[in-house]
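Here's a quick tour for anyone meeting this structure for the first time. Have a look at it, then read on.

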Amino acid sequence: QALMGKPYGSLPRKTVPRAEEATAMNFATLWDFSGFAQYSVLFYGYYNNQRTIGWLKFRMPLSYFLVGVGSIGYSFMIVTRTMAKNANDDGGGDDTSFNFSWKMFTSWDYLIGNPETADNKFASITTSFKEAIVEEQESRKEENIHLTRFLRVLANFLALCTLAGSGYLIFFVVRRSQQFALEGLENYGWWERNEVNTVMSLLGMFCPTLFDVISSLENYHPRIALRWQLGRIFALFLGNLYTFIIALMDEINLKARYLLPFTLEEEKIVKYNMTIWEASLYNGTIPENSTAPPIHVDPADVPRGPCWETMVGQEFVRLTVSDMMTTYITILIGDFLRAVFVRFFNYCWCWDLEYGFPSYSEFDISGNVLGLIFNQGMIWMGSFYAPCLPAINVFRLHTSMYLQCWAVMCCNVPQERVFKASRSNNFYMAMLLFILFLSTLPAVYTIVSIPPSFDCGPFSGKTRMYEVISETLEHDFPSWFGKVFGYASNPGLILPFILLMVLSLYYLNATSKSYKEANLELKKKLQSVRIKN
Amino acid sequence: GAMGGSASLIPRDLLGEYQELTFLSKQEILLAYKRFSELLPKEERESAFSARVPKSHILTLPELRANPFQHRICHVFSTSETGDDSMSFEDFLDMLSVFSDSATSDIKSYYAFRIFDFDDDGTLDRKDLEQLVNCLTGQGEESRLSSAEMEQLIHNILEESDIDRDGTINLSEFQHVVSRSPDFASSFKIVL
């Protein structure tokens, strides 16, 4: 679209309306991603719905649709392939069966050349041995089961309350922001404008710490506690994201339901005005019942219809940007300033700051991996409505990598207990897959059920977005192709196919189980053969 | 400069031969040659291919300086007939090849086994394992494990890895255990 379509300013949907032109280039408006940025390639609304554009006859709407759907499909394939490869390398997933041997034979890192690092490594290996020995002995000890169970139930209850509370808070805040929007944003200050994003970022910062505190009640083995912790943070972010989406969708539906009779009228008026405008471009005849002379109307003055897709895209872009800002600020304050404070105030403080309370912050591997996964989930959700969002994200990832690199070198200390992400490799990939699935649900839902806005985007004028496919089949492929496709998409054919896939899944699962058992049998045989001899 | 100079000091056919016999790339071989010659006194640098560097010099390399298995590494890769663990250039290349990124997991586990076999008897028995643990816990007295902890640890290890229950870990058992580890290949690596 950027290369071949008509340039900015030539069509109404590509131009900033006259009313907004005054503030279009203000930094505040740009930061908010409205104004000039709203009417750019960044967002859905810019794209024209012409079937082909430019001299290459490039089918723009079709390609928009296919790229959107294709990128999601490609992501699914890559994630599943990586998981399968990891499962293969694992050799059947023997996670803990060689615990001690691995610690012995593979824990030394031969790339260590610095004596200080070597000392740290020695200390951590020793601790790890001692812990593993103690933990193995404790696992045979009896504990007060009832108290532990009660505490665990209590902890889970508290965690659920936190999750519910944060979900409600987000819902409440999104509703409030809609009210603000209705009353006009100029009346409110910075806080009201950015309330939703700030609240979501703050929740993301503080709730995990809360979960950490709650988990101290539970008295689990650290690896299991880590899994619970990650699971809860996962649920938190997911709940927040989904509440956000639902609140947005709610608003769209509300608008559609109550304003629909008005919108239809408005639609007619706007369409009428637009036909006059187009006719004036070609100096052709004006449709009957009109007595207005052909006037050349500047695209900025043409009245515009509402465009919910761009609004959704804007929300996602704002969310990504505020997430990025929160990360940077957290690193600067939480890591850098803290390190400066500990280093320089240590001389005049009562207790030893370096070993005691604040000390240097640890580099939280699992937290960072989780952050990356959620960032990716947001991108997947928003990229259908804001096509340049992945580009923004690439820029953000580059800069945050360098920033975090510097922060780690200068202000962080390694974690005391390192549960390598490599061992739980498939755990993180499974989370990624789950998030991919959940992120693409909203986009797929809108493609299939919600009519696109009539005045913006590559699908305007159609009743459903996927109609672009049937249109292409009609126009560009030979007719027998269309017939075959029609037969193939018959539910009577698809349902047995799905049944076949489910059955083959079951069969493959059963065979893999039997292979695992055969493996165990062979091992036992080896042992018994030796004992006999 | 120095880099360009060293390139002309290895004859081309020899370079090609080394590339074929080891897992190293041309750049890595040239860099290894440069570092090896630096360990030799000036007079011997011309005949670097036939010179042997004594163990004490090899151990000054930063890559090996902090390694608890430095003596075992020199011993395993040295082809010296006098048993003084001195290394020729080809021994040095051999070592770098096994520790390089492109070496296969089988080769690495084979050499790891030889490095851990302190008494060179072809199996890892209790004494080898105890010495291994002591290497890993560092030189300080407080960081060593108590004898009860050591007993427990060795018992657990033999429980896990000694499939034929003969009280020692032989090469195939070792390779079986280590090949399943996701971290082995990435940690058993030395790059100049």
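## Ground rules

This is a predicted model, so local features need pLDDT of at least 70 and side-chain atom pairs count only at pLDDT 80 or more, while totals for chains, interfaces and linings use all residues. Residues are numbered from 1 along each chain as its sequence is written, chains are lettered from A and ligands numbered from 1 in the order in which they are written, and side-chain values use heavy atoms, with hydrogens and water left out.

## Where the chains meet

Chain B puts 48 residues in contact with 38 residues of chain A (contact means heavy atoms within 4.5 Å). Together they bury about 3800 Å², with 64% of that on carbon and sulfur atoms; buried area is the accessible area (1.4 Å probe) that two parts lose on being put together, summed over both.

On the chain B side, B:Leu136, B:Glu160 and B:Arg180 supply 18% of the area buried against chain A, more than any other three residues.

A:Thr320 sits in helix H10 (residues 308–345) of chain A; helices are DSSP runs (H or I, at least four residues), numbered from the N terminus. Its relative accessibility is 2%, so A:Thr320 counts as buried (under 20% relative accessible area, 1.4 Å probe, protein chains only). Leaving out residues up to four places away in sequence, A:Thr320 touches A:Asn375, A:Met378, A:Ile379, A:Leu389, A:Asn393 and A:Arg396.

## Two helices side by side

The axes of H4 (residues 99–106) and H5 (residues 115–138), both of chain A, come within 11 Å and cross at roughly 170 degrees. That makes H4(A) roughly antiparallel to H5(A) (over 145 degrees, with axes fitted to C-alpha atoms over the stretch in contact and angles running from 0 to 180 degrees between N-to-C directions).

Technical notes: Parallel < 35°, antiparallel > 145°, perpendicular 65-115°, else oblique. Buried < 20%, exposed > 50% of the residue type's maximum accessible area, 1.4 Å probe, protein only.
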